[in-house]
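Please read it with the structure open.

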Amino acid sequence: MRNRIIGIIILSFVVVLCFVASISVGKTTIPPSEVIGAFNAFDGSREHLIIRTVRLPRAIIAVLVGCALSIAGSVMQAISRNPLSGPEILGSNNGAALFMVVSLFLFGYTSAHVQLWVALIGAGLACLVVYGLGSFGRSGLTSIKLILAGATINLLLASIVQGVLIFSEQSLDEMRFWLAGSLTGGSMEMLQQVWPFLAAGLIGSLLLSRQINMLSLGDEVAQGLGLRIGWMKTGSLLIIMCLSGASVAIAGPIGFIGLVIPHIARFLIGIDYRWIIPYSALLGASLLLAADIGARFLYPPQELPAGVVTALAGAPFLIYLAQRRGR
Amino acid sequence: MLLQLAAKRFIVIMMFLAIANLVVLVLSVMWGEYAVPLNDIWRALFGYGRSEHQFVISELRLPRALVAFLVGCGLALSGAILQGITRNPMASPGVIGINAGAALMAVTIIIVLPAIPNAVLPFVAFLGALLAASITYVLAWRRGLSPLRLLLVGVGISAAANAYITFLLTTRQIEHVKQALLWMTGSAYGRSWEHFWSLLPWLLILFPTALVMSRKLDILQLGDELAIGLGARVERYRGVLLLISVSLAGAAVAMAGTIGFVGLMGPHIARQLVGNSSRKLLTASAFIGGMIVMLADLIGRTIFPPIEIPCGIITAIVGAPYLIYLLYRNRNKP
């Protein structure tokens, strides 16, 4: 218990460290003293402006999205009891992408606000469809049905997105960076739109963590422990939907965080989801901050989408996990 | 008696499939930007008298439809074999990294080295598919091969390749990116006799080989322990079958890009029609796969003229509802 709390404190320090680094390094590197100055003694200089309008929102978004995705991932892995499932199984990424692409294709670019809501609605609808398909029938919601339904819907949505992009070079050019998942261009206003979803998801996951822990033991055990499985699964999926939908709406589809982070958390503190969830949140925040810093330097002079960095770093890990499974 | 009945049923189904394929082939040649009457088709094909449509028929539509057919055969066969080896009905060539490997190489050529002529693409893509599959196989090997591990490692390899592809798609020139995207969607557009002749040998050699191996595939379905107990050399059978499957899918993907769902859908429909015996299943899968791609190409070509919708998109739009139907049918299973 004590070790676990110390772990949380250490991880919080790491998050703060990455946060400060994320604000101070980039094309123009700003010393940490100036970073503090930008809040204490704002003098309107170029550095201070960069910090307040670009770097700070970006870092905050990285923290929140990192938290949200990794919590969504650990809840997903708990209820599907499948270590290779991530929040994107529910279809939020591809649903958001489809809605974004179609709305750009039909109406052109309107405003960041509209785009945000379009993505949010797309993500939500896709989640509902996958949830519906995964839960009809007498056996109710089972993880295998959920994963199959998710894989199918994701493939379908992705193909339609690809189809639209082929016919419209303009949408392709506007969308390709977003589609890779990127933290550039995020602003505080966007965050103000989605924070209720993020907050609902974060608080919900912490409140339900005891029940999620029981679900991770399997349906029969959970039922034996007096849990109403149907409601709990629905609640958990709602949490995932809020978290992953809001994330994709502000940062585009960023993969692998939700898949990889819960594993690292499990490696650190074992199988108790009451601890996995907060650990995942902190780990996810630091990883996405780090990936976003990497995205600024890996391929100069261009900036990479953060999603590419997380995928390149995450894929070998996925292979490693896969290798250890199956006798 | 029962066996005879089953055999008769199989023959009837296969004849029906053959006729259906022929009908789709004829329709593919007839329909298009302008229709060609049936008479002219016979004349063009059997060469009595030159038809005014000679060029369109024998140089454009016929080779294209035949390439689509072969591609579909290859993908569906590959999927059927793979589903057998892994004992997993959701396995398809894409899952063990073939598509991603082929796409990685092809997209690299299209985007990074646009000076290289397009004629090289099939070879490069084939190489990529083989490479990805071999890496998957090697990484999944730990004192023997577990089908589950093969699929999971394949997913990881695909993810790595896709990350690299996304990197190229986001950072390079838009014209090349568009071309690459088109290749990745899978299309039979502009395929000619040249493609047909280079694809045909693969099927002519590998299809019979797969049929010869079908007994071994049946044995593998029983599970490793039982198969070993029956004296089967499990790893060797699995290796050979995997090689056949990968080569078929690789050749198909190399010719027409990554056409999704066929490797998944073809074997499923075949299983419903002819049951689980591998010999029958493989034969029926090939015909059904061929028909699906040919039909998808025909629909994509004719539904919104003059725009052509790549057949990879059509197969996805048709394939997804089919999978949902499968889910619905199995809704009461845990």
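Four helices of chain B each supply at least two residues of the lining of the second largest pocket: H5 (121-140), H7 (174-185), H8 (193-212) and H11 (234-256). The model is predicted.

**Second largest pocket**
- The space in this pocket comes to about 660 Å³.
- Its lining counts 24 residues, and those closest to the pocket centre are Asn118(B), Leu121(B), Trp183(B), Tyr189(B) and Arg191(B).
- By class, the lining holds 14 nonpolar, seven polar and three charged residues.

**Interface of chain B and chain A: extent**
- Contact involves 46 residues of chain B and 44 residues of chain A.
- About 4000 Å² is buried between the two chains.
- Carbon and sulfur atoms give 74% of that buried area.

**Interface of chain B and chain A: polar pairing**
- Six residue pairs are in polar contact across the interface, with both residues at pLDDT 80 or more.

**Interface: the chain B side**
- Helices H6 (147-171), H7 and H14 (311-329) of chain B each supply at least two residues of the side that touches chain A.
- H6(B) gives the most to this side, with 16 residues.
- The chain B side divides into 31 nonpolar, eight polar and seven charged residues.

**Where the two topics meet**
- H7 of chain B supplies at least two residues of the pocket lining, and H7 also supplies at least two residues of the side of chain B that touches chain A.

Conventions. Residues numbered from 1 in each chain as written. Chains lettered and ligands numbered in written order. Predicted model: local features only at pLDDT ≥ 70, side-chain atom pairs only at ≥ 80, totals over all residues. Heavy atoms only, no water. 1 Å grid on protein atoms, 1.4 Å probe; cavity = no way out; pocket = protein on both sides within 12 Å on 5 of 7 lines; lining within 4 Å. Points joined across faces, edges and corners; volume = space filled by probe spheres on them. Nonpolar A, V, L, I, M, F, W, Y, C, P; charged D, E, K, R; others polar. Contact = heavy atoms within 4.5 Å. Buried area = accessible area lost by both parts, 1.4 Å probe. Polar contact = N/O pair within 3.5 Å; in protein donor to acceptor, adjacent residues only side chain to side chain.
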